[in-house]
Amino acid sequence: MKRNTILLVILSFLGVTNLAAQSFAQILCRMEGESFPRQVSLVTADRGRPANYAVTTVSPGGIFGFVTDPLPQQQFFYLYDGSRYFRIFLHAGNTVKVGWRAGKFSFSDPGNPENEVLQCWNSIESRLPQGKTQDYAAFFAVFDSVKTEADLLIGQLQKTNNPFAAQIKSIIQTDLFYRFVTYISKNQQVYDSDEQKSTYFQMIMPRFPETTGRLLLQPYGIALMKAYFDYKQTYVYKQQSFTLEQQLGEIDNKALREEYILSRVPNTDYADYRKFEDTYLPHLSADNRGRLRNDVPRPLSELVSGSPAPNLIYPDSVGRLRSLSEFRGKYVYVDIWATWCAPCKAEIPHLKQLEKRFADNKIVFVSISIDKNNAVWKRFVKDRRLGGVQLWAGDWTALPKEMDLGSVPRFLLIDPDGNWVAPNAARPSDARLAEMLTSLSKKK
């Protein structure tokens, strides 16, 4: 009852506290004990992953601090000591003081009413054991008790009808999900154990329970999704197959589904990666297709004859995605170009001649534009009556980074199995290209 009374006093100030005029905020921390970490990171959440905002070294006396850049809006930050995250709410003019003792952060001066609310939740959540435990079964009774108290806290918050109440409700629910899944993932050693008796376990395990994108607001969001599905594979499906397709079928939110695809990209063998790309690239938004090729850790294709070539997938003039894998069984000659490129346009008449000359052969001609203006590209294709397969990448960055174009035009030649013949093929105006295509077209 005392905690709820304090909470209601705190909430009465939410949204009305006058802050200092400074546009930045600061976090000050004092660490106690002999084994405090020597480095601490300040992170934000970037689509369900931690993103370093700043890193600092802790002084020998256990003192460190952070000053943010000017904050255009109120925002969550997280202190990370190498093992766990500590959530802090900041807005312009804030000074928040934090302590660290026995492996845990806590507020010594929350600095704003929102952090007072977080402190209430932290005090409840702290009852859950950290890491591995000697008594696996005991966790579930403690978890049920913590969840009951958390539900009471959420109920009090809802009565206030304050915008922050919705945020903290979401935080509490996702934190509980995270703590439960990470606990059973790390501690269960046998099948059909005590977690089967848990009401919460029975609620979350039949199907992935998150239907909104709120996990992407937490730095542990993607790690939680992976832990959840890995757990189901090992302890629920056991020896049965639980494919990525089946896992994606449980994720109802599109943003979550796409981020989960990106989290499962094979990163050791390019042939495995290309199979993955063939299957899942068409299911991603344009932005995420670019991230798959150039931002997410993945193996790079070797630009040598005989090695697997990227399966380039881009929309045509009516917006339909087309991929080079459609043309397996045929040679594919690719022209990467732009309407603003004079050398590119100079090759077009020669390319048209080749298209006519080899129209009846097993050679496909694909042109991929890097024009940023889609309308300009479409109009050029129509006015010049360009043949072959016309696709639009829209920018250099949409191409696999290992291709490192440098300039256009660039010509590629790929064999019927999707492997490189030449990652830097001759131009249409070069007589050697026609000779090579003639030789290839005669192969069985």
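Helices (H or I, at least four residues) and strands (E, at least two) are DSSP runs, numbered from the N terminus. This is a predicted model, in which local features need pLDDT of at least 70, side-chain atom pairs count only at pLDDT 80 or more, and totals for chains, interfaces and linings use all residues. Residues are numbered from 1 along each chain as its sequence is written, and side-chain values use heavy atoms, with hydrogens and water left out.

**View 1. N419 sits in the loop between β14 and β15.** Its relative accessibility is 17%, so N419 counts as buried (under 20% relative accessible area; exposed is over 50%, partly exposed in between; 1.4 Å probe, protein chains only). Contact means heavy atoms within 4.5 Å. Neighbours within four places in sequence aside, N419 is in contact with R274, G306, S307, P308, A309, L413 and I414.

**View 2. Five strands form an open sheet in the order β13-β12-β11-β14-β15.** The pairing is mixed; two strands pair if DSSP finds at least two bridges between them. β13 (389-392) and β15 (420-422) are the edge strands, each pairing on one side only. On average, neighbouring strands of this sheet are turned by 25 degrees against each other, direction ignored. Axes here are lines fitted to C-alpha atoms, for helices over the stretch in contact, and angles run from 0 to 180 degrees between N-to-C directions. β11 and β14 pair in the antiparallel sense over 5 bridges, and V332 stands opposite I414 in β14. β11 and β12 pair in the parallel sense over 7 bridges. Here Y333 stands opposite F365 in β12.

**View 3. Strand β12 is mostly covered.** Of its 7 residues, 7 are buried. In a regular strand the side chains alternate between the two faces of the sheet. I363, F365, S367 and S369 point one way from β12, and V364, V366 and I368 point the other way.

**View 4. Helix α13 (residues 431-441) has a buried side.** L433, A434, L437, L440 and S441 are buried. These residues cover an arc of only 130 degrees around the axis, which puts them on the same side of α13; the arc is that of the directions from the helix axis to the C-beta atoms. A431, R432 and E435, on the other side of α13, are exposed. The buried residues of α13 pack against β11 (331-337), α11 (342-357), β12 (363-369) and β14 (410-414).

View 5. β1 (residues 26-31) and β7 (residues 95-101) pair in the parallel sense over 6 bridges. R30 stands opposite G99 in β7.
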